Amino acid sequence: MGIMKMNIVGGFARASATIERKLESHVDHIRLPESVRKSRVLIVGGAGVAGRNTAAALSKFCPDLHIVIAGRNREKGGRVVATLGDNSEFAQVDIEDVNSLHAAMTDVDVVVHAAGPFEYADCNVLEAAIQTKTAYIDVCDHEGYSRRAKSYKNKAMAAGVPAITNGGFNPGVSNLMAAMLVEDAKGESRGRPEKLRFNYFTAGSGGTGPGVLGTTFYLMADEAVTYHKGAKVKSKPYTDMLNTDFGEGIGKQEVFLLNVPEVASAHEVFGVPNISARFGTAPFFWNWTLSAMIKILPTEILKNRNIVQMLVQLSYPMIRAVDVISGQNASIKVDLQCSDGYNSSAIFSHKRLSEAAGTATAAFVIAVLEGSTKPGVWYPEEPEGIAVEARETLLRRASYGATQFLISKSFCRRKEMKATTNMWDMLMKRA
């Protein structure tokens, strides 16, 4: 059985059973259309880990963009601005203060909402974006918030405002990876897509801040939503373990059911009858700790903001300390199975989750500036969110700095050899 594999450094590369090619790590400047080349991008929560990594990636990709770091703490925001250079500034913004949001969005072309956690957040930033006719992207990773955001679809359409919820790495890039697998299957398989599985792995903190850890604790209080034969099923979180191979550099890792928004959105958009999502971390004892929390702590405690904040303050320093041993790798693996035996998978791995999230969010911002999103509020995998013809470009940009990005296909029905296809090669053939 022939197997072709691909490794990349900083982009895409191709390898086959007899030929291997690697690309050197580099980031090219992206030439935006003249009409948007000097656009102003407001990053709410810009002093946080997600915000400042997005700002850094945007500054590197498109140095002519003017980046506004928005937040409550001027000192922290000022430190981020100092790393970006002259084409940036700080704006004092409180997302609970509508007036400050409106003032900050004056003459802004795109606002990025990176001020999580989103579990119990209102849609104030989105509302302000619609009212000021400012394009919008959020990095929400909670189904409840994304559903609330989607309820503004008609208002955004009426105002002519393009908006994406669940943008970023996961969800975001993971949604588009799934969209590519489903799209390819419809063209290559005689059957129908039957099972879609999202798998996520993060070593230690992934280089992210306390907010992401808080989100993880909140998700421990939510039943994990899956779909089985088209029916919505709720299961206890962090159960039903699978051992998933994330490929070179990550290897096999234990992953557990978790409630993430892309399960529901993918079911809605693709109509695949069986969908689930799992997450795992390392070292292994962090998985044990999360499982024990669910068994020991009542759900009401994990939904209490004050208690979750206390848990974060206690555990975050320990997790960061162990990062020295575990590293901060992150990986997404999306698996698709079709009714005729056609199977495919996509894997995206990065040495640090925080950097991957910033680069991915920046890629979404650039796609919106280029006009790839229609007015309304959309999930990334919806063609109105990121146009089908723009997906490949977004993924190519999001892959900068990645250690692995590949698609593998197995045609069991025809007993053909298993092959791993270079995603870059696929994208170039389509172009």
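Q: Is R397 buried or exposed?
A: In this predicted model, R397 is buried, because its relative accessible area is 12%, which is under the 20% limit for that class.

Q: And which residue does R397 form a salt bridge with?
A: The partner of R397 is E370, and the closest N and O atoms of the two lie 3.0 Å apart. The pair links distant parts of the chain, since E370 sits in the loop between α13 (353–369) and β15 (376–378) while R397 belongs to helix α14, 27 residues apart.

Q: How does E370 count in terms of accessibility?
A: E370 counts as partly exposed, at 32% relative accessibility.

Q: What about R391, where is that one and what does it pair with?
A: R391 lies in helix α14 (residues 388–398) and E183 in helix α7 (residues 169–188); the two form a salt bridge with their closest N and O atoms 3.5 Å apart. The pair therefore ties together parts that are 208 residues apart in sequence. R391 is buried, with a relative accessible area of 6%, whereas E183 is partly exposed at 31%.

Q: How many salt bridges are there in the structure?
A: The structure holds 14 salt bridges, and one of them joins the side chains of E268 and R147, at 2.9 Å from N to O. This pair links helix α9 (residues 261–270), which holds E268, to helix α5 (residues 143–150), which holds R147, and the two residues are 121 residues apart. Both are partly exposed, E268 with 43% relative accessibility and R147 with a relative accessible area of 36%.

Q: Which residues are linked in a network of salt bridges?
A: A network of salt bridges links E34, R37 and D64.

Q: Changing topic: how many cavities of 30 Å³ or more are there?
A: The structure holds 1 cavity of 30 Å³ or more, and the space in the largest cavity comes to about 40 Å³.

Q: What lines the largest cavity, by class and by name?
A: By class, its lining has 5 nonpolar and 3 polar residues, with no charged ones. The lining residues are S59, C62, P63, L65, I67, L84, N87 and S88.

Note on methods. Residues numbered from 1 in each chain as written. Predicted model: local features only at pLDDT ≥ 70, side-chain atom pairs only at ≥ 80, totals over all residues. Heavy atoms only, no water. 1 Å grid on protein atoms, 1.4 Å probe; cavity = no way out; pocket = protein on both sides within 12 Å on 5 of 7 lines; lining within 4 Å. Points joined across faces, edges and corners; volume = space filled by probe spheres on them. Nonpolar A, V, L, I, M, F, W, Y, C, P; charged D, E, K, R; others polar. Salt bridge = Lys/Arg side-chain N within 4 Å of Asp/Glu carboxyl O. Helix = DSSP H or I, 4+ residues; strand = E, 2+ residues; numbered from the N terminus. Buried < 20%, exposed > 50% of the residue type's maximum accessible area, 1.4 Å probe, protein only.
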